[in-house]
Amino acid sequence: MAEIKASFFIECDELLESLQDGLQLMDDGEADSETVNVVFRAVHSIKGGAGAFGLDDLVKFAHRFETAMDDVRSDKLEATHDVLKLFFQCGDILADLVREARDDSPHDPSSTAQVLNEIDALLGSSAEEEAEEEVEFQPMTLSLDLPGIDADPTPASEPSYTIVFEPENELYNLGNEPLFLLRALRELGDMIVTCETVSLPDLDQLSVETGTMVWTIQLTTSEGEGAIKEVFDFVDGICRLEITENTPPTAYLLPDIDLAPELPPLPMPPAAENLSLEAPSAAAENTFLPPQLPEAQPSPSGPPPATYSKPKQAAPAPVNKPAPKTSGGATTPRATVRVDLHRIDRLVNLVGEIVINQAMLTQSVEEAGLPPNSTVRTGLEEFLQLTRDIQESVMMIRAQPVKSLFQRMSRIVRESSADIGKDVRLKTEGENTEVDKTVIERLADPLTHMIRNAVDHGLESNAEREASGKSATGNVHLTAMHRSGRVVIEVSDDGAGINREKVHQIAVEKGLVPPDLQLTDTEIDNLLFLPGFSTAKEVSNLSGRGVGMDVVRSAIQALGGRISITSERGKGTTFSISLPLTLAVLDGMIISVAKETLVVPLNSILETLTLTPSDLLEFGPETHVVNIRNTFVPLLDLGAELGYREPLSDYSGTVVLLIMQEDGSRAAVVVDAIEDQRQVVIKGLQDSYGRVPGIAAATILGDGKIALILDPVDLITQSSGRTRPSSNLEKIAG
Amino acid sequence: MALRDQLRTIVVDDMSTSRGLITQALEGFGLQQIETAVDGQSALHKIATWPVHLVISDMNMPGMNGLQLLHSLRTTPQTKGVGFLLITGKADREIIEYGKKLGMNNFVKKPFQPDQLRVAIEAIVGRL
């Protein structure tokens with residue numbers, strides 16, 4: 001039971017997701033009746049499951065929500081923007097209640113009271129009034145002397161047909177309307193029409209001139225196949241039409257029930273009075289056997305294999321073959337397996353070990369001096385490729401679309417904008433961008449803060465917006481995308497932009513920067529990330545506690561990410577987070593500086609070059625620039641920067657790595673030599689050393705030695721701020 | 001051989017939690033032959049190759065709802081005689097009357113206890 005309950009909560013998360021999606025579509029005015037159905041079903045299913053586990057608070061709330069949704073479904077209630085706003089709130093509360101039920105935490109009725117009152121007002125009735133009438137129903141006994149039942153409600157059956165109708169483009173081009181054909185078909189008898197929309201492309205790929213829908217029709221008619229064909233006469237040759245009579249090749253025979261003589265004869269219908277669904281009879285209670293199967297049933301929905309043994313008196317073999325050895329799960333459209341995250345983590349760790357192992361093996365082969373075409377070497381090459389494939393596949397298992405995260409943000413926007421009385425609309429893009437699960441989890445807090453900031457500080461009040469000629473409703477955009485091996489998440493608003501004079505003034509007042517220091521716009525923007533900086537005049541409910549952006553920045557950095565700001569006065573502000581795709585393995589360039597071996601992430605290197613004297617220009621004491629195809633790029637001496645050695649006196653002939661920075665500018669990093677290029681396993685340093693500026697992590701090399709993985713962009717930023725390498729770094733490097 | 005050893009049942013519900021709960025209850029009654037399907041269409045496919053005595057179906061499902069499944073079963077000669085037990089969260093007159101018309105054998109209102117399900121099944125097929 002506990003297992004089913006756990007899977008219920010997982011299912012709830014999926015249902016809540018489709019609920020959110022559906023409501024969003026409705027709010028965007030892009031919903032059809034099926035969307036409304038999906039939303040209704042989501043609430044309904046949560047209620048149903050909750051009922052089974054006796055989660056009364058959840059059931060009560062879901063029930064009211066469901067009633068309201070049902071009214072929308074049956075067109076009794078119009079889903080206006082205000083109604084949807086309430087529904088969004090209901091969805092949020094439903095999510096809270098699910099979480100409370102999962103965590104077994106107590107429910108505070110006051111949190112739902114207001115929304116429940118609003119639903120009552122909307123429906124014009126309260127939960128108490130909504131009593132369900134008792135409907136009389138006499139159960140119909142089934143005679144198991146099959147085929148045929150004594151209480152057969154249908155008249156002598158007519159033949160039925162399965163018709164598959166797939167119009168070709170030509171059919172539409174000639175102005176035919178499938179609906180008319182279906183209507184004509186209905187004249188022939190009862191039918192059930194299923195439209196298969198699986199091959200419908202996404203909206204952006206939808207061609208209005210191409211038909212992609214297929215109809216499957218179950219038709220019961222005595223008119224015969226000829227009459228059906230007649231309906232399609234006019235479209236003969238411009239559609240695919242399959243008509244099959246629904247008679248299986250051999251008779252559909254149920255296995256007869258064969259009872260041992262000592263058992264009472266069958267069937268023995270109990271008196272109808274016994275069937276009280278509300279209060280089960282005592283007899284029934286006594287006969288109910290608790291589940292006898294062991295707790296550790298492999299699949300809650302899967303019967304034990306023995307279930308599928310053929311009954312003794314089986315029907316003819318071709319028809320009555322044992323059922324396939326799967327239960328419901330396998331036929332789901334999205335075949336998925338739920339796996340404990342720990343197992344995947346173990347797999348990830350093992351892959352990491354393989355990568356290290358492979359590096360060691362490669363090193364040994366190198367040292368053995370085997371010829372380049374030896375089988376060992378070629379075998380190793382394949383091993384390398386396979387390792388990489390495995391690593392990528394494993395990472396894909398861990399990857400999740402950012403959708404769930406984005407949905408949480410839409411709630412943050414709803415709540416925070418309501419709190420401060422601004423109208424805000426959140427637009428999300430790239431929700432299907434996949435990111436490592438851990439990254440998604442650890443991104444939730446910083447992103448929440450950024451979204452709140454955008455709503456609270458970024459956007460102006462409704463009146464201010466209108467005064468400056470903008471729409472009263474502010475816009476916040478949340479975007480995710482893949483860009484050169486990293487994930488970029490952007491939070492942008494169309495608010496007033498950063499007031500740089502004010503930011504500078506506050507920074508000076510707080511003693512964060514010396515008053516006479518001239519700062520560039522970017523530098524001023526970056527002041528926002530300083531600890532203890534807050535521009536809000538009053539500490540509002542949402543943000544402005546002064547622990548904002550610096551905490552956000554360190555959270556992002558802890559994920560191996562970076563954050564940057566761009567802002568334009570009057571137009572808005574964009575915060576951009578760039579994150580590594582995975583926290584486990586990266587492609588690195590192995591370099592050496594002052595006899596130390598270091599790793600530089602390959603995706604941060606634009607190119608590598610050897611300097612000639614003519615490339616170099618001195619720009620002041622210890623400051624050099626490099627002329628690269630007529631643009632000047634600052635030079636950074638890695639050895640000196642990390643404190644490994646004194647700056648070189650002459651840089652000609654040295655190897656430099658050209659590094660692209662976040663803002664698009666470049667820097668040339670001097671190293672002694674490039675040793676190799678390979679995958680390395682990331683071993684975090686955070687836990688032991690905290691954050692070390694310029695250093696992303698460490699790794700284990702093929703020879704078993706430890707090498708630091710650089711964060712070149714951070715290193716360059718540090719260096720341009722003229723900060724000395726921290727003592728921490730020296731400690732590690734030593 | 002008791003009835004519970006031979007009665008073939010298919011549980012149709014789009015929610016895996018519900019399928020799990022119903023299946024577990026049925027196994028608790030000692031039923032030996034249980035199949036599951038995630039919607040009406042796949043139930044029909046399954047029943048075509050694995051004939052059943054009893055269909056236990058949820059009402060609210062994507063695609064075909066419980067009563068549409070019932071209609072489909074009743075209008076197909078080979079399945080018109082199977083027992084049909086509807087599981088529904090809402091048991092209002094409209095649904096029940098329509099079910100009656102289509103030849104629904106019995107229904108159970110959600111949420112239910114296993115013994116309620118048992119009583120409802122036994123009302124159709126007799127003592128398990």
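Is Phe8(A) buried or exposed? Phe8(A) is buried, and its relative accessible area is 0%. Here, buried means under 20% relative accessible area, exposed means over 50%, and partly exposed is what lies in between (1.4 Å probe, protein chains only).

Before going further, a word on how to read this. This is a predicted model, so local features need pLDDT of at least 70 and side-chain atom pairs count only at pLDDT 80 or more, while totals for chains, interfaces and linings use all residues. Residues are numbered from 1 along each chain as its sequence is written, chains are lettered from A and ligands numbered from 1 in the order in which they are written, and side-chain values use heavy atoms, with hydrogens and water left out.

**Chain A in outline**

Chain A has 22 helices and 22 strands. Helices (H or I, at least four residues) and strands (E, at least two) are DSSP runs, numbered from the N terminus. Of the 734 residues in chain A, 43% count as buried. Take the contacts in chain A between residues at least 6 apart in sequence: 68% of them join residues at least 24 apart. A contact means heavy atoms within 4.5 Å.

**Rings**

Over all chains, the structure holds seven aromatic pairs. Rings of Phe, Tyr and Trp (its six-membered ring) pair if their centres lie within 6.5 Å; planes under 30 degrees apart count as stacked, over 60 as edge-to-face and the rest as tilted. Two of these pairs look like this:

| Pair | Centre to centre | Between the planes | Kind |
|---|---|---|---|
| Phe8(A) and Phe9(A) | 5.3 Å | 50° | tilted |
| Phe165(A) and Phe232(A) | 4.9 Å | 55° | tilted |

Phe9(A) is buried as well, with a relative accessible area of 6%. Ring pairs also bring in Phe53(A), linking Phe8(A), Phe9(A) and Phe53(A) into a cluster.

The pair of Phe165(A) and Phe232(A) links distant parts of the chain, 67 residues apart. Phe165(A) is in strand S1 (residues 160-167) of chain A, and Phe232(A) is in the loop between helix H8 (225-231) and strand S4 (239-245) of chain A. Both Phe165(A) and Phe232(A) are buried.

There's a charge over a ring too: Arg73(A) lies over the face of Phe40(A), at 3.7 Å from the ring centre. That calls for NZ of Lys or CZ of Arg within 6 Å of the ring centre and within 35 degrees of the ring normal.

**Two sheets in chain A**

One open sheet is made of five strands of chain A, in the order S20-S12-S13-S22-S21, with mixed pairing. Strand S20 (673-681) and strand S21 (695-700) of chain A each have a single partner strand, so one side of each is left without a neighbour in the sheet. Neighbouring strands here are turned by 35° against each other on average, direction ignored. Helix H11 (residues 341-368) of chain A packs on this sheet and touches S20 and S21 of chain A; its direction makes about 145° with that of S20(A). Axes are lines fitted to C-alpha atoms, for helices over the stretch in contact, and angles run from 0 to 180 degrees between N-to-C directions.

Inside that sheet, strand S13 (residues 596-601) and strand S22 (residues 706-710) of chain A run parallel and are joined by two bridges. Val599(A) has Ile709(A) as its bridge partner in S22(A). Two strands pair if DSSP finds at least two bridges between them.

The other open sheet has six strands of chain A, in the order S14-S18-S19-S17-S16-S15, and its pairing is mixed. At its edges stand strand S14 (605-610) and strand S15 (616-618) of chain A, each with a single partner strand. The twist averages 35° from one strand to the next. Strand S17 (residues 631-637) and strand S19 (residues 666-671) of chain A pair in the parallel sense over three bridges, and Leu636(A) stands opposite Val669(A) in S19(A).

**A few single residues**

Thr433(A) sits in the loop between strand S6 (424-429) and strand S7 (434-436) of chain A. Thr433(A) is buried, with a relative accessible area of 9%. Not counting residues up to four places away in sequence, Thr433(A) touches several residues, including Gln400(A), Pro401(A) and His482(A).

Over all chains there are zero disulfides, a disulfide being a pair of cysteine sulfur atoms within 2.5 Å. Cys195(A) is partly exposed at 31% relative accessible area, whereas Cys239(A) is buried at 11%.

In chain B, Thr36(B) lies in strand S2 (residues 33-37) and is buried, with a relative accessible area of 1%.
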